[in-house]
Amino acid sequence: MASAPGRVPRLVIFDLDGVVYRGDQPVPGASALVAALHAAGSLVRFATNNSMSTRGAYVERLAGQGIGAGVEEIVTSTWATVEHLQAHEPSVRRVLAVGADGMLDELRAAGLTATYAGDAAPAEWWGEPLLERYDAVVAGLDPRIDYRTLGVAATAIRQGARFIATNADVRYPVPDGFVPGAGTIVAALQTASGAEPLIIGKPQPAMFGAILEAAGVPASEALVIGDNPDADVVAARRAGIPVILVLTGIADAGHAASLDGDRRPDWVARDPAEVASLLGLSIS
């Protein structure tokens with residue numbers, strides 16, 4: 001591990017699930033850490049692979065935990081997907097979505113015609129070609145997913161729709177453990193359709209790169225704080241940003257000690273208080 005940074009970065013990018021909260025439970029000390037960074041003059045961004053909620057909903061959720069954040073500080077994998085489509089694939093207009101209502105709201109707010117995959121075929125559908133054609137299938141975490149929805153989405157992909165995954169996290173942390181993440185749905189669609197997805201969220205670096213560019217901060221003067229070695233740490237490495245792995249989510253101490261290559265963080269911290277200590281901050 002590198003020596004402690006001992007300074008407050010110009011920009012700190014927090015993951016949310018497993019770092020700021022687990023499910024509905026706040027991570028102790030997280031709000032105090034964010035407040036200390038704001039007080040020290042750092043720019044703060046919250047970057048999550050979770051595609052289930054709108055950015056406005058995250059602002060409200062953070063406010064309920066004592067963290068003041070503006071919409072511009074929230075970066076979701078759905079937002080990053082929209083940014084990608086607008087910049088690189090502007091011809092994509094009709095989208096079939098496998099995801100929660102929040103994802104559909106964000107896609108529609110961006111001007112896309114988005115239809116939930118489960119609503120895109122007759123109730124008696126059983127594998128026949130879809131009557132409508134879609135430019136893309138966007139897949140994220142979908143708590144209501146069922147066999148029929150997977151089948152409809154896979155059929156759309158086989159009929160030529162672009163296959164885009166908001167993220168590929170295989171596990172999602174909740175207060176008492178883990179539930180399947182978007183990556184499990186993406187893997188099922190990949191198997192059923194035979195198509196390779198374009199993955200937008202972490203561990204791809206596009207989300208972090210967009211944050212750096214918008215903030216005008218070089219990677220060397222930023223810091224990522226995440227809990228997932230396969231997503232947060234790898235994405236930070238690929239974007240050239242130093243990274244702290246905090247042991248409040250996916251990884252425990254034994255797991256952290258075994259990490260190598262792009263999955264090895266610059267520093268490991270037990271909790272937000274230890275993150276603050278690494279940065280030379282004091283929080284109560």
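**Exercise 1: Strand E4 and its neighbours**

Strand E1 (residues 11-14) runs parallel to E4 and is joined to E4 by four bridges. The model is a predicted one: local features need pLDDT of at least 70, side-chain atom pairs count only at pLDDT 80 or more, and totals for chains, interfaces and linings use all residues. Residues are numbered from 1 along each chain as its sequence is written, and side-chain values use heavy atoms, with hydrogens and water left out.

Task: determine which residue of E4 is the bridge partner of Leu11, how E4 pairs with E5, and why E4 is largely enclosed.

Solution. 
- Step 1. Two strands pair if DSSP finds at least two bridges between them.
- Step 2. Leu11 has Leu43 as its bridge partner in E4.
- Step 3. Three bridges link E4 with strand E5 (residues 74-76), again in the parallel sense; Thr48 stands opposite Thr76 in E5.
- Step 4. Between E4 and E5 the chain passes through helix H2 (residues 55-63), and this β-α-β crossover is right-handed (with the strands pointing away from the viewer, the path from the first strand over the helix to the second runs clockwise).
- Step 5. Strand E4 (residues 43-48) is largely enclosed by the rest of the structure because five of its six residues are buried (under 20% relative accessible area, with a 1.4 Å probe and protein chains only).

**Exercise 2: An open sheet**

Task: state the strand order of the open sheet of five strands and identify its edge strands.

Solution. 
- Step 1. The order is E7-E6-E8-E9-E12, and the pairing is parallel.
- Step 2. Strand E7 (113-116) and strand E12 (198-199) are the edge strands, each pairing on one side only.
- Step 3. Four bridges connect strand E6 (residues 94-98) with E7, where Thr115 is the bridge partner of Leu96.

**Exercise 3: Two cavities**

Task: describe the linings of the two cavities of 30 Å³ or more.

Solution. 
- Step 1. On a 1 Å grid over the protein atoms alone, a cavity is a set of points where a 1.4 Å probe fits but cannot get out; lining residues have an atom within 4 Å of a point. Grid points are joined across faces, edges and corners, and the volume is the space filled by probe spheres set on the points.
- Step 2. The largest cavity has a volume of about 190 Å³. Among its 19 lining residues, Asp17, Asn49, Asp169, Arg171 and Tyr172 are the closest to its centre.
- Step 3. E10 gives the most to this lining, with three residues.
- Step 4. The lining of the largest cavity comprises six nonpolar, six polar and seven charged residues (Ala, Val, Leu, Ile, Met, Phe, Trp, Tyr, Cys and Pro count as nonpolar, Asp, Glu, Lys and Arg as charged, and the others, Gly among them, as polar).
- Step 5. The second largest cavity, of about 40 Å³, has eight nonpolar lining residues, with no polar and no charged ones. Helix H1 (30-39) and helix H10 (272-278) each give two or more residues to this lining.

**Exercise 4: Asp266**

Task: decide whether Asp266 is buried or exposed, and identify the side chain with which its side chain makes a polar contact.

Solution. 
- Step 1. Asp266 is found in the loop between helix H9 (253-257) and strand E15 (267-269).
- Step 2. With a relative accessible area of 15%, Asp266 is buried.
- Step 3. Its side chain makes a polar contact with the side chain of Arg237 (3.4 Å). Such a contact is a pair of N or O atoms within 3.5 Å; within protein, one must be able to donate a hydrogen and the other to accept it, and residues adjacent in sequence count only if both atoms are side-chain atoms.
- Step 4. A polar atom of the Asp266 side chain also lies 2.8 Å from the backbone nitrogen of Val243.

Conventions:
On a 1 Å grid over the protein atoms alone, a cavity is a set of points where a 1.4 Å probe fits but cannot get out, and a pocket is an open set with protein on both sides within 12 Å along at least five of seven lines; lining residues have an atom within 4 Å of a point. Buried means under 20% relative accessible area, exposed over 50%, partly exposed in between (1.4 Å probe, protein chains only).
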